[in-house]
Amino acid sequence: MSDRRERTRESESRKLLGRLRDTMAVEAAGQARLDRITHLTADSMGTEVCSIYLFRDDETLELCATEGLNAGAVHETRMRLGEGLVGQVARYGKVVSTPVAPAEPGFRYMPETGEEIYSSFLGVPIQRLGEKLGVLVVQTRDSRDFTQDEIYALEVVAMVLAEMTELGAFVGEGAALKARHTQPVMFRGSVGQEGTAEGHIWLHEPRVVVTHFVTDDPETEMARLQAAVDDLRVSVDQLLADTQDAEQIEVLEAYRMFANSKGWMRRMEEDISNGLSAEAAVEKEQSAAKARLKSVADTYLRERLQDLDDLSNRLLRILTGQGRETGAEMPDDPVLVARNIGPGDLLEYGRKLRGVILEEGSVGSHAAIVARALAIPLVINTGNITNEALNGDHVMIDGDQGIAHLRPDETVVTAFRDKIAMQAQAQQRYASIRDRACVTPCGERIELHMNAGLMADLPSLASSGAEGVGLFRTELQFLIRNKMPKRTELVDIYSRVMDAAGDKRVVFRTLDIGSDKVLPYMKPADEPNPALGWRAIRVGLDKPGVMRMQLQALLRAAKGRPLSVMFPFVAQYSEYAAGIAEMDKAIEREKKLGHLLPENITTGSMLETPALAFASRRFFSEVEFLSIGGNDLKQFFFAADRENERVRRRYDTLNVSFLTFIEDIISRCRETGTHLSFCGEDAGRPIEALCLTAIGLRSLSMRPASIGPVKNILMRSNLTEVKAVIDNARNRGEQSVRASVMEYLGSVTGRGNSAR
Ligand code: PEP
Ligand code: MG
């Protein structure tokens, strides 16, 4: 672009922005402001028409102001997303520019607007941080091409419009728009942790509000931007120097790359010379990156665009001085909202949180693990809630369905409170049986234990009525740290766990890393299929240093008390035997050092690979106890990845093939007198727990919150009857016994012998 053209473009654009700013400064009703903007834009751009279309709801755009089209069409003309050229701009978030609009595919003529006399059309999206707000259009009678400069100028106006919308500039008497952040919105995500809660929003990263977005002093703004970017670079370098976390280093390297990116800087400088303030320029680029994020499928690229978004937020905080400390006070009943959150940060908030809502996240993420330990309802994958929610907004979170109701209306509030009250009643029922042993009406005694992994889990031992910890996932302590814990730290943790458990048994499972559990400070093995890869005991035996440290720490932590240890992911006898050999060596070492040994040591194995179910009798005789890891066992049995949303719920646990397989394991353990338990997630689901006990399991380990509901159903159920129902369904050739069992439960409830 020539210097002269550049200067002309700058001054035109700046002039227009200056006029827009003056419009903002005048006290006026929302509609009057919109009218004025269309007038000014058409005037500055030399077009006959300028129109603003805004979203009425997710699918509908409405003509909200126009210069040039029939005034009677304002608030009357509506179109659906994707309909006509305007609808296409909105749907794809892309500019449409054409000299002859009626010749374009998808063109739709709106007779009430009188637009038939206009030929050329330029439409740009009005969007803010990835959120679509509407479309800004100019049209002319002459058939002509719009220049890049004109397109750019209209985009800048659209951006300022988006900012003004966010600030509520178009709300008021004769309002064109409803006030932002005031409407009820429902976010449908996925279940991270069950449970319901009501509370008020607390944003983990408070939103930065840009109030100053137009300037007529580009030099000062340029200097502000430069100074802020310099600060940013220093802080990123500092963070890099302070971290050892491989994942964090990757992110920070990406930050550094963007912070030094000439293209990014040049685009922002261009925006400033065209009349935007430094912060508006940052936000414009941030919005563009967010818009791109929506259409990018590549995970790596998405992560980098996400990094750019984070970096922009940092830069905005530096520029606006709006740090984490915004002066806002955390509500008494906070529901945390974040794009994502690390386990350390979540633990720091702790139990004071009523609920957590994340835009991203996954069921197996560390944040989800911590939320489960803290028994806080968690909804993940909600998308966009950080843009919509404001600190202090009322929110109801339904972790059972994976739904969050932001600013719910009266009907939702009433229905939701009824649900919470019913759950509270159920909790009372569970509390009343908490201290009783779980014995079924047919006289079977079932042991109910809990799964744990963090210190935060331990208080649940008393509150849930669990008889012990059937599975202590030791890897969680490794996962939430950013460096490998030392042996002394492990001794301290394990001994505190045993202290907290008192005389209740804790089964410590040695490190189960790999697959979905990647230690942040260990270089991830680049494997084609990590779930079938180098994980758990395979890592433990190939690199025995960590396993040795762990076994030694466990022996020391016991301080003479009984100790139970189990090995994860054993696929054949020799792996178990090698684990035992490591344990024997560790005992010998402790003896030599003169340390006190546990009063007794029991060692067992997880059964989570189908192969182990067919191991030799020798294995079943030697192993002191077995615990079925149903999560893994089921994924390998059905060849369906437990982390893959598409297939993880595809096969029913109550499928007769799977139940028959479990029955075979039970009978093999009976033959050798091996204690058998089941510790996968299914153990905590009442119907599944009922079927597992009906086919012969006598020990289950589950998340603490499930103990009440499971105990409740078991204490009301006749297992012999349920077993008969299962056998009949199987004999009839049913694929899953679920329907038959549910029908049976319905009939016994009808007989007044409630099984629920
Ligand atoms: C399992 O696989 O069922 C299990 C309990 O282990 P994890 O969920 O930790 O893999
Ligand atoms: Mg497992």
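Okay, let's start at the ligand: a backbone N or O atom of Asp632 lies 3.0 Å from an oxygen atom of ligand 1. I'm calling that a polar contact, meaning a pair of N or O atoms within 3.5 Å; within protein, one must be able to donate a hydrogen and the other to accept it, and residues adjacent in sequence count only if both atoms are side-chain atoms. Before I go on, this is a predicted model, where local features need pLDDT of at least 70 and side-chain atom pairs count only at pLDDT 80 or more, while totals for chains, interfaces and linings use all residues. Residues are numbered from 1 along each chain as its sequence is written, chains are lettered from A and ligands numbered from 1 in the order in which they are written, and side-chain values use heavy atoms, with hydrogens and water left out.

Back to the ligand. A polar backbone atom of Gly630 is 3.1 Å from an oxygen atom of ligand 1, and for a polar backbone atom of Gly629 the distance to a ligand oxygen is 3.3 Å. On its own, ligand 1 exposes 280 Å², and the protein buries 99% of that; those areas are Shrake-Rupley, with a 1.4 Å probe, and for residues only the protein chains shown count as cover. S16 and H22 are the elements that give two or more residues to the shell, and H22 gives the most, with three. Helices here are DSSP runs of H or I with at least four residues, strands are E runs of at least two, and both are numbered from the N terminus. In total, 14 residues surround the ligand, the closest being Arg473, Arg509, Lys517, Asn631 and Arg642; near means a heavy atom within 4 Å.

So what about H22 itself? Helix H22 spans residues 630-637, and six of its eight residues are buried. Buried is under 20% relative accessible area, exposed is over 50%, and partly exposed is in between, with a 1.4 Å probe and protein chains only. The buried ones are Gly630, Asn631, Asp632, Leu633, Lys634 and Gln635. Their cover includes strand S16 (468-473), helix H23 (656-672) and strand S21 (675-678); contact means heavy atoms within 4.5 Å. Just after H22, Ala639 has a positive phi of about 50°.

Now the sheets. One is open, six strands, ordered S3-S2-S1-S6-S5-S4, with antiparallel pairing; two strands pair if DSSP finds at least two bridges between them. Strands S3 (78-80) and S4 (96-98) are the edges.

Last stop, Thr215, in the loop between S9 and H5. Is Thr215 buried or exposed? Buried, with a relative accessible area of 6%. Its contacts include Arg14, Arg21 and Glu221, and a polar atom of its side chain lies 2.9 Å from the backbone nitrogen of Asp217.

Technical notes: Lists of a residue's contacts leave out its neighbours within four places in sequence.
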